[in-house]
Amino acid sequence: MNSKTQQEEERIQVWMKPEQIDELRNATVEISQPYLSGRNDALIALMADTGLRVSEAVHIETEMIDFDDGVLRIPSHIQKQPPEGQRPPAALSLAPETLRTLRTYLNSRWKDSDYLFPSRQSERMTTETARNIIEDAALEADIRPYRGVGRGEPKDVTPHTLRHSVAYRLLAREDEGIYKVKSRLRHSSVTTTESIYTHLDVA
């Protein structure tokens, strides 16, 4: 296994437990500018609930959130596309706490934009900004994520860690099966889900 492939494999085995995600959210509120703290908290809350990829999260528009039904509706064009064809639109249920966080954020948002997460400079946050928000919060909170062997360091926490954390929560805390993880993370095949997540230590 070459070093790049090995690094990718090690990173894919990094996840956080729900308590650590709470710490991450608290940290981003503490270190963010006051007018950005709600946005940054909402970003982490949404990604930790839904398993959105960072490239998808920054393209979410406010109209994609159905507060009445408690659902995030994701069109095909913002989803990561598999080699075999276009991914269909998806509808992901949102936890009540996530909905409350989003409502609070939108009710006091400093900037009106079609995109859910604008930046200071533009109508839409970049993936780099989202990564910085999550990585800075992990350093501030001194998050030591879990991995296939042992514990990681705060620098190991990336936006994709939140996606893996969704799988951990479903399997370990909510006693769901691998097919629920596949559906939530929108994998094309359950084989993909099994190859990534059957290693999780759910004790």
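The tour visits a sheet, then a helix, then some salt bridges.

**Before you start**

This is a predicted model: local features need pLDDT of at least 70, side-chain atom pairs count only at pLDDT 80 or more, and totals for chains, interfaces and linings use all residues. Residues are numbered from 1 along each chain as its sequence is written, and side-chain values use heavy atoms, with hydrogens and water left out. Helices (H or I, at least four residues) and strands (E, at least two) are DSSP runs, numbered from the N terminus.

**Stop 1: the sheet**

Select residues 65-66 and 71-74. These are strands E1 and E2, which run antiparallel and are joined by 2 bridges. Two strands pair if DSSP finds at least two bridges between them. Pick Asp-66; its bridge partner in E2 is Val-71.

Now look at the turn. The hairpin has 4 residues between the strands, and Gly-70 takes a positive phi near 70 degrees.

Two pairs to click: Ile-74 has Ala-90 as its bridge partner in E3, and Arg-73 has Ala-91.

Zoom out to the whole sheet. The 3 strands form an open sheet in the order E1-E2-E3, with antiparallel pairing. E1 and E3 stand at the edges with a single partner strand each, so one side of each is left without a neighbour in the sheet.

**Stop 2: helix H8**

Select residues 178-185. Which residues of H8 are buried? They are Ile-178, Val-181, Arg-184 and Leu-185. Buried means under 20% relative accessible area, exposed over 50%, and partly exposed in between (1.4 Å probe, protein chains only).

Turn the view to look down the axis of H8. Its buried residues fall within an arc of 120 degrees, so they line one face of the helix. The arc is that of the directions from the helix axis to the C-beta atoms. An α-helix has 3.6 residues a turn, so residues three or four places apart point the same way. On the other side of H8, Tyr-179 and Ser-183 are exposed.

Next, show what the buried residues pack against: helix H3 (34-50), E3, helix H7 (159-173) and helix H9 (190-197). Contact here means heavy atoms within 4.5 Å. Step on to Arg-186, which follows H8 and has a positive phi near 60 degrees.

**Stop 3: salt bridges**

A search of the whole structure finds 12 salt bridges. Each is a side-chain nitrogen of Lys or Arg within 4 Å of a carboxyl oxygen of Asp or Glu.

- Select Arg-184 and Asp-49. Their side chains meet in a salt bridge (3.0 Å, N to O). The pair links H8 to H3, 135 residues apart. Arg-184 counts as buried at 11% relative accessibility, and Asp-49 at 7%.
- Select Asp-69 and Arg-73. Their salt bridge is 3.3 Å, N to O. Asp-69 is exposed at 52%, while Arg-73 is partly exposed at 38%.
- Select Glu-174 and Arg-169. Here the salt bridge is 2.8 Å, N to O. Glu-174 is partly exposed at 39%; Arg-169 is buried at 17%.
- Select Arg-25, Asp-41 and Glu-97. A network of salt bridges links them.

**Last stop: Ser-37**

Go to H3 and select Ser-37. Ser-37 counts as buried, at 15% relative accessibility. Leaving out residues up to four places away in sequence, Ser-37 touches Val-29 and Ser-32.
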